[in-house]
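Please open the model in your viewer and keep the selection panel at hand.

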Amino acid sequence: MITPSSARRRLERAPFLDAVAGRTPTRTPVWFMRQAGRSLPEYREARAGISMLDSCFLPELLAEITLQPVRRHDVDCAILFSDIVVPLKRAGVDIDIVPGRGPVAAQPVRERRDVEQLPVLREPVAEIAQGIHSILAGLRDDQVLIGFAGAPFTLASYLIEGGPSKTHQRTKALMHTEPKTWHALMERLTETVIVFLAGQVEAGVDAVQLFDSWAGFLSEHDYGEFVQPYSARIFAALEPAGIPRIHFGVTTGELLGDMAAAGADVVGVDWRVPLDRAAQRIARAAGPKVLQGNLDPALLFAGPEVVRGEVERIRADARRAIASGTATGHVFNLGHGVLPDTPAEAVTEAVRIIHQAS
């Protein structure tokens, strides 16, 4: 069972925590998905000659990479530098991140026998816990650290397809033709994700985000029957920890209510749905939640005046949702991750604009 951690810091003035609790923060909290990564020259230098997965298992390096965007951009949250396949790799799955392609499984999971042989993570990842301790020491007391994991559906898709897919055809076929096999796979992956997050909680993270990157490829029916129960189990396991829980997926506008009903405190919204409209969908299904989002990452290339106008529009959407009672707070973010070739200076300027607009 996941319980409150003795390593968790007591933060009195963190804008992120104030926004999530429904209080008025001193400034609009902002962080960006993929804020640590290829858009930063210091990241490219730190990771030179080191593979992505190897980087995730080097405590000093993962701590340094996590802190780089916090130092450069003055964001209000650090997001743990890791990858969604890290728990699979540590459990013993033969999976790697192939440059230019993404996670690739050596032996795809296609049959019940494959599921039964799939390793399950039994212990927290010690290197990540060590990295978290270093990250917390490098943060101010108004900056939070967000841990994360990939949701079982997204992990399942990589394992079944053998790598990234534009159609997820094998994944959808398996869930419909072999539902018992599908549910057995999701059970094992859910166990792995809970253990992975439990280690982060014990190490002292201030919040967690569950990424279901590919959930937007599902119908509402399939999400509800084959996916949501497992995400709900993860959020329920995290509840006793007493830290904010965030849920995010891409192109999930039609699933926002169902994703919120899985039990998160904060629901991420991509750039395709205005925040006030997203809040209505969420509130109808699960009551009012904190919203996270939702600037289009591509607009960071459009210059500060465009960004300033979009920031004000998004904040106005959030204010309307809060005033109407369909949302309880707002954390500013992109509608997905920072694009790799985004100029670092553009990210810094966007954060400055967001804080100025508070």
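A pocket here is an open set of points on a 1 Å grid over the protein atoms alone, where a 1.4 Å probe fits and protein lies on both sides within 12 Å along at least five of seven lines, and its lining residues have an atom within 4 Å of a point. Grid points are joined across faces, edges and corners, and a volume is the space filled by probe spheres set on the points. The model is predicted, so to speak of local features pLDDT of at least 70 is needed, and side-chain atom pairs count only at pLDDT 80 or more, while totals for chains, interfaces and linings use all residues. Residues are numbered from 1 along each chain as its sequence is written, and side-chain values use heavy atoms, with hydrogens and water left out.

Begin by selecting R34, R38, M52, S82 and D83, which lie nearest the centre of the largest pocket among its 41 lining residues. This pocket holds about 1400 Å³ of space. Next, colour α3 (52-56), β2 (95-98) and β3 (102-105), each of which supplies at least two residues of the lining; helices (H or I, at least four residues) and strands (E, at least two) are DSSP runs, numbered from the N terminus.

Move on to the second largest pocket, with a volume of about 320 Å³. Of its 16 lining residues, P25, T28, R315, I322 and H330 are the closest to the centre. α14 (304-324) and β9 (327-334) are the elements that give two or more residues to this lining, and α14 has the largest share, four residues.

Now select R34, Q35, A36, G37, R38, D83, Y158, S213 and H336, which an unreviewed UniProt entry annotates as "binding site"; such annotations may be inferred rather than shown by experiment. These residues are spread over 303 residues of sequence and, in space, up to 23.4 Å between C-alpha atoms. The lining of the largest pocket takes in R34, Q35, A36, G37, R38, D83, Y158, S213 and H336.

Finish at H336, in the loop between β9 and α15 (344-356). At 24% relative accessibility H336 is partly exposed, a class that lies between buried and exposed (over 50%). Leaving aside neighbours within four places in sequence, H336 is in contact with M33, R34, F248, V250, W271 and P297.

Methods: Buried means under 20% relative accessible area, exposed over 50%, partly exposed in between (1.4 Å probe, protein chains only). Contact means heavy atoms within 4.5 Å.
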